Amino acid sequence: MLRIIGFFLLGALSTTSAWAAPGDAAVLQAQQAFAARKLANLERAARDVPADHVLSPYVEYWRLVLTSRTEDARIADFLARYPGSRMAETLRADWLKSLGSREAWPGYLAEYPRLVKPDAAHQCYAHRAEWAQGNRSHQREAVTLWFTGRDMPSACAPLFAQLIETGLISQEDVWRRLRLALDAGNPNVARVVANALPEAQRPDAALFDQASRDPERLLNADNKLDFSQRGDREIALYALDQLAKRSSDQAEQALRKRALQFSAEELRTAWARLATWAARRHEATALPWFQQASAAAANDYQREWWARAALRAGDWQAVQRAIESMSDATRAQPVWRYWRARALQATGQRVAATPVFLDLSREHHYYGQLAQEELGPVIKAPAVNIKMGGDDVAAVARQPGIARALALQELGLRHDASQEWDWTIREFSDAQLLAAAELARRMEWYDRAINTAERTRELHDFELRFLAPYRELAQQAARENAIDEAWVFGLMRQESRFINVARSGVGASGLMQIMPATARWIAQRLGIKRFHPDEMQDPAKNIQFGAYYLKHVQTSLDGSPVLATAAYNAGPGRAQRWRDSRPMEAAVYIESIPFAETRDYVKKVMSNAMYYAARFGQPSVLLKDRLGTVPPRKTPVISTPGSDATLELERTDD
């Protein structure tokens with residue numbers, strides 16, 4: 001810790017390990033041995049780590065994980081010496097699973113309340129432990145774990161068996177979970193769940209595979225499905241969903257052929273599924289199909305797509321009906337509060353809409369900005385950036401978890417560093433969060449600075465939330481490509497949080513997250529010889545390439561920044577296909593983007609740009625004007641080398 005405080009007092013905090021502490025090399029060797037699960041190498045490296053090294057607890061933790069999962073006394077001793085730490089939480093979580101697997105129920109029940117973030121396995125073990133100790137008061141709570149479409153840990157199987165045997169999970173509950181699994185696209189889970197049904201009611205296991213592999217053939221065959229059996233009808237509903245994913249026309253034909261063989265509830269469920277896929281493809285049949293389904297047959301995910309289809313159709317009454325049918329939790333989300341207020345306003349209910357806009361306008365996000373603009377010109381106090389002093393920052397730096405996070409970051413262990421940091425700040429006050437964000441900024445640990453500043457509830461520093469490193473490079477690139485500097489920063493913040501070594505799971509790299517194929521294409525366009533994608537780690541070149549590509553897709557897409565932003569994330573071909581044959585309010589276009597990732601991305605980039613424009617002193621422009629109107633689709637779908645290929649062919653929403 002002395003190294004961290006010393007750096008702070010000298011004002012020389014940085015991400016470079018200019019001042020290596022004794023034992024740093026041994027800590028790195030220990031971590032590498034732990035990652036490779038080589039205990040002998042770990043023990044050898046541990047001997048060279050000084051006892052007072054800030055990361056010595058990590059070395060001890062690594063040794064415990066590899067050697068002592070069942071040595072309860074050693075684990076309990078470590079937990080007592082490092083209470084509340086991320087290491088203690090992780091070790092406790094692992095230890096509890098060991099206790100559960102050994103059915104050491106008294107020890108499990110003593111330790112479980114101290115776990116901050118239990119997962120499904122922990123919860124199942126806890127209910128089994130209570131049951132074994134004769135406590136049945138939480139049985140109803142245990143049943144709630146059953147209702148999921150996901151695969152559950154093996155630790156839950158004995159619990160579910162007990163609940164089924166005692167009748168707390170009914171046969172109807174089994175059917176409900178089977179449908180949840182199929183709704184979630186998990187036929188293997190559904191097949192396992194079906195084993196809890198009486199043998200005479202279980203659908204043939206082979207039908208699950210056939211429904212996934214060739215739904216059209218299964219639905220059209222006369223001797224494959226027995227529609228008098230509920231299980232076969234559930235599989236038919238799943239097959240219709242799989243077919244609708246590929247073709248609305250084929251799914252509609254199959255459904256109409258089988259309509260009389262479904263119950264009224266099943267038929268409405270089928271129409272809701274077909275309508276959802278049609279809405280995601282922006283097909284005109286979506287709205288009438290949702291009306292056939294009715295809100296009662298749809299889940300909240302489907303109701304959200306009902307609202308989006310209505311938005312694209314300009315049917316504000318249908319927007320309002322869809323939102324009103326959502327659960328309280330979904331309807332309370334900023335997105336649906338905003339569009340509900342817009343629907344109220346569009347249907348002449350301005351008085352009812354105003355309070356909704358007013359509440360939203362106090363929130364610092366995309367919908368808060370749009371809601372503020374709907375209220376018209378009002379006097380609003382300028383944002384006050386709360387700055388924390390040096391003593392506050394030094395006090396945060398002295399916290400053991402922060403000191404460990406900074407030391408891990410210095411050693412290049414960025415994943416562990418980020419997790420340690422996030423765990424430590426989880427219960428910070430606003431003042432502590434701002435001090436921690438300022439500390440991270442001084443360390444040039446920009447993503448932690450931004451993410452930490454964003455957690456504040458009452459006291460805010462928007463200069464920390466919207467940092468602007470690499471300003472000269474971005475200004476030059478924006479000027480050379482005649483694009484808005486605030487937009488470049490809004491996109492860069494969303495892509496990488498200004499971490500120049502950032503690399504995505506699909507291979508995009510650098511500040512503006514450029515794919516290797518796209519980088520080669522840009523280099524060719526710029527006349528750069530002997531280019532290698534590794535050069536995208538250089539901030540100057542990455543920003544130069546990113547700004548060039550952003551300008552290119554904007555020009556290709558009729559100058560729309562919204563289309564260009566969508567194209568930057570999902571590819572220009574997709575951004576083009578999502579347009580309509582008529583002009584569309586850009587906010588509606590954004591809301592109806594089929595990919596949740598891209599939908600969220602465009603909102604955040606455009607919202608970020610507003611904050612950066614204010615920070616850079618640009619002339620005031622409304623977010624609605626910045627978004628503009630998406631012009632009608634009138635040109636063939638374009639393709640840029642390395643663009644749409646950056647994403648998998650089959651993407652799902654949420």
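Analyst: Cys156 has 0% relative accessibility, so Cys156 counts as buried (buried means under 20% relative accessible area, exposed over 50%, and partly exposed in between, with a 1.4 Å probe and protein chains only). This is a predicted model, in which local features need pLDDT of at least 70 and side-chain atom pairs count only at pLDDT 80 or more, while totals for chains, interfaces and linings use all residues. Residues are numbered from 1 along each chain as its sequence is written, and side-chain values use heavy atoms, with hydrogens and water left out.

Cys156 forms a disulfide with Cys124, and the sulfur atoms are 2.0 Å apart; a disulfide is a pair of cysteine sulfur atoms within 2.5 Å. The link between Cys124 and Cys156 is right-handed, with 95° about the S-S bond. This pair joins distant parts of the chain, 32 residues apart: Cys124 lies in helix H8 (residues 120-132), and Cys156 in the loop between helix H9 (139-143) and helix H10 (157-165). Helices (H or I, at least four residues) and strands (E, at least two) are DSSP runs, numbered from the N terminus. Cys124 is also buried, because its relative accessible area is 0%. A search of the whole structure finds one disulfide.

Ala570 counts as buried because its relative accessibility is 0%. The C-alpha atoms of Ala570 and Leu182 are separated by 27 Å, and these residues are 388 residues apart along the chain.
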